[in-house]
Structure formats: structure tokens, C-alpha cells
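Hi,

Here is the structure I promised to pass along.

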Amino acid sequence: MKAFAFFFVAGTPVAQPRVRMVRSNGHVYTPRSADAWKAAVRVAWRAEPRQPLEGPVRLSLNFCMPRPAYHFTTKGALTAGAPVRHTVKPDIDNLVKAVMDALTDAGAWHDDCQIVELTIGKHYSHVPTGCTINMMEIQ
């Protein structure tokens, strides 16, 4: 039987920031803005005893992003024009990178190069916000 995992990471998804450089001394660093989100992904993976996926992996990520206040009326209902799809920042590729890096650090697989199929979604959600992660070894 092939290994698989299905779990939800609660919280506001945060994109992996780009590497930055300090001009005065040429020092290169990665901003720490995604550290708490990546820690939540690692904790969710480690919440149950799991073995690392060994072979090719199919990964599905569904990001549930928080709605801004202007999507709601003063009575708390959604406005008529409130979109379903999240078409603003953060970019979907940077969201994926943060999750994949965190899962690699957590030991979900040996290296994210094992991912051979990737399905991604990004939409608004009032409650709960976070990311549904579904991964499975495939042939």
C-alpha cells in the first residue's frame, strides 16, 4: 500500500518571501515573515506519527484565504459582488513554496523533487482559513 496523508493546517497562509540583499555590505538574507506559518505546517505534519513518503508524490494544496472586511455588509453578510476566487497577493507559487519547504523540513519526504504531480487551489473562506494538504505516493 502506498503512503498517503491528508490534513488541514489552520491559520492564514503566508507566502515564502524572496531573498533580499543589503546594498551596503552585500549581505543576503531571507525575511522571516513566513516562519510562523511554516512552523504551523510542520506541527500539523508531526501531529500524527507518519513515515516519510519514499517515491514519486502527488501533492494537492487548497489554500483558504481570509476575506477582507470590505467583502461584508455592515450586518455581516457577504456583499453581492464579493469574489469567490482569491486573485490578489500572495501569489500562489510563493504560497506553495512555503508549504513545500516546511514539509521538507518536517520530514514528509526526503526532497521536494519527489513531487511529480501538483494540484493547487486558492479561494476566499470566511472560516476556517488555512490549507488542506493531501499527499500520496504514486507509481
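This is a predicted model: local features need pLDDT of at least 70, side-chain atom pairs count only at pLDDT 80 or more; totals for chains, interfaces and linings use all residues.

The side chain of His-86 makes a polar contact with the side chain of Lys-122, at 3.3 Å. By polar contact I mean a pair of N or O atoms within 3.5 Å, where within protein one must be able to donate a hydrogen and the other to accept it, and residues adjacent in sequence count only if both atoms are side-chain atoms. A polar atom of the His-86 side chain also lies 3.3 Å from the backbone oxygen of Val-88. His-86 sits in the loop between strand 4 and helix 2, and is buried, with a relative accessible area of 7%. (Buried is under 20% relative accessible area, exposed over 50%, partly exposed in between, with a 1.4 Å probe and protein chains only.) Leaving aside neighbours within four places in sequence, His-86 is in contact with Met-65, Lys-122, His-123 and Tyr-124, contact meaning heavy atoms within 4.5 Å.

Residues are numbered from 1 along each chain as its sequence is written, and side-chain values use heavy atoms, with hydrogens and water left out.

Now helix 1. Helices (H or I, at least four residues) and strands (E, at least two) are DSSP runs, numbered from the N terminus. Helix 1 covers residues 35–46, 12 residues in total, and reaches 16 Å from its first C-alpha to its last, close to the 16 Å expected at 1.5 Å a residue (the expected span is 1.5 Å times one less than the number of residues). Its buried residues are Trp-37, Lys-38, Val-41, Ala-44 and Trp-45. They cover an arc of only 120° around the axis, which puts them on the same side of helix 1; the arc is that of the directions from the helix axis to the C-beta atoms. The face turned away from that buried side carries the exposed residues Ala-36 and Val-43. What do the buried residues of helix 1 pack against? Strand 1 (4–10), helix 2 (92–106) and strand 6 (130–137).

Not counting residues up to four places away in sequence, Leu-103 touches Phe-7, Val-41, Trp-45, Ala-108, Trp-109, Ile-133 and Met-135.

Last, the charges. The structure holds 5 salt bridges, each a side-chain nitrogen of Lys or Arg within 4 Å of a carboxyl oxygen of Asp or Glu. One of them joins Arg-58 to Glu-117, with the closest N and O atoms 2.8 Å apart. Arg-58 lies in strand 4 and Glu-117 in strand 5 (residues 115–125), so this pair ties together parts that are 59 residues apart in sequence. Another pairs Asp-35 with Arg-32 at 3.0 Å; Asp-35 is partly exposed at 30%, whereas Arg-32 is exposed at 68%.

Cheers
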